[in-house]
Amino acid sequence: MGKKHINEISFLRSIACLSIVLLHSIAWGMEYVGFLLNLPEYSEMILDSINVFLYYGTPTFIFITAFILGYSYKEKTSIPKGFLTKRLKFILIPYVFMAFLYAAPYSLLSLEQYTVKVLLNIFIGDFHAYFVLIIFQFYLLFVLCKKWLDHAHPSKVILYSLLINGAYLFIFNFTSPIDFVFSDYVWDRFYWIPFPGWIFYFSIAYYIGQNYETFIRYIQKYKAIVIAAPFVTGIALLYFYHSGLITNHSSKRIDILFHTLSVIAFVIYFSMKMKRIPSLFMIVNKYSYGIYLLHTSYISILIVFFTLLSVNFGIFTILILFVGSTLFSIMTIYYLNRFNFGKYIVGKVDIPTKVKKVRSEAVFASNNQHSNS
């Protein structure tokens, strides 16, 4: 079961990663390129709807993080030494580096504004990599509460976390900012960061990880529901959005909770039916963290490039942004990881840095063997 688990979660991670890249490609393409000017009016509504449907991406990464914790440590009574240190080195340090990188445009305004933006990026996640601050809260929660989680009743923990998560999102989805300093910013963005806004994904994923075989049996038993669920939740999601009930463009919508779970179950079921995961998705899985960090920088570069050249590829702009940002991100991650410092910039990926040396040594040994014989 271990190997199958890795394949299914790898496929899920790649789907989540590509969904986020596509989401940003659509959103940024629509906002900055203006290619919709020559398209029918309904095209914008269709693309907007696709974007809303894709907001399961970030919650899925939260789910995968907790799933791996539950699955990997279910038979361990204590957390191994260096658990947090390893994640600080290869997840948090690249995040901090990106916080400086994405603040760079503010340096053109003033040193003060650049400094403020860097601090906002690092400490309150004021850029697209805010997800890292969320998972580190759950890493700390795992370290502090593992024993309690392992002895608590799963259904009660999941139910209470759903109520907390739902109440938290309800407040920020349906109420106006109260009167205090920076309240508008809290209601607009900062509420994304605290862990109560994601606690349901963590709790249910943690226990699914601990009881993965049981989860698989349920998916197989109720496969008709699993297959239909994403379409049902997707339709409900789009109805709430287009009817004006919940208008915000965000993965922090209250109706995303069940939509995300339905997509996750569907993707896992679909991957179970594959004889093997296509290599393309395995590559995306391997580079997913770096893609997550880098892709918006390449989307921005491509948009600036198109603007300077005054070129417009129409709706194909989305495809170019999507494919281009993904490929350039992978290339950057690959080449940076050939150096020892690369893993601290874009995350750690296992790259053979001494291929030529190994080959030359093998040839030398082979020649010696022939000469001695």
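**Rings, a charge and a pocket**

Arg87 lies over the face of Phe83, at 3.9 Å from the ring centre. The charged end of Arg87 also sits over the ring of Tyr139, 5.2 Å from its centre. These values come from a predicted model.

Tyr73 belongs to the loop between helix 3 and helix 4 and Phe83 to helix 4, so the pair ties together parts that are 10 residues apart in sequence. Both Tyr73 and Phe83 are buried. The rings of Tyr102 and Phe127 have centres 5.7 Å apart and planes at 40°, so this pair is tilted. Tyr102 is buried at 16% relative accessibility, and Phe127 is buried at 6%. Ring pairs also build a cluster, whose members include Tyr73, Phe83, Tyr139 and Phe142.

Turning to open space, the second largest pocket has a volume of about 1,100 Å³. Its lining is made up of 31 residues, with Arg13, Ile68, Ile91, Tyr289 and Lys348 nearest the centre. Among the elements that give two or more residues to this lining are helix 1, helix 4 and helix 14, while helix 3 gives the most, with 6 residues.

Finally, helix 15 spans residues 316-336 and reaches 30 Å from its first C-alpha to its last, close to the 30 Å expected. Its buried residues include Leu321, Phe322, Gly324 and Ile333.

Technical notes. Residues numbered from 1 in each chain as written. Predicted model: local features only at pLDDT ≥ 70, side-chain atom pairs only at ≥ 80, totals over all residues. Heavy atoms only, no water. 1 Å grid on protein atoms, 1.4 Å probe; cavity = no way out; pocket = protein on both sides within 12 Å on 5 of 7 lines; lining within 4 Å. Points joined across faces, edges and corners; volume = space filled by probe spheres on them. Helix = DSSP H or I, 4+ residues; strand = E, 2+ residues; numbered from the N terminus. Expected span 1.5 Å × (residues − 1). Buried < 20%, exposed > 50% of the residue type's maximum accessible area, 1.4 Å probe, protein only. Phe/Tyr/Trp six-rings, centres within 6.5 Å; stacked < 30°, edge-to-face > 60°. Lys NZ or Arg CZ within 6 Å of the ring centre and 35° of its normal.
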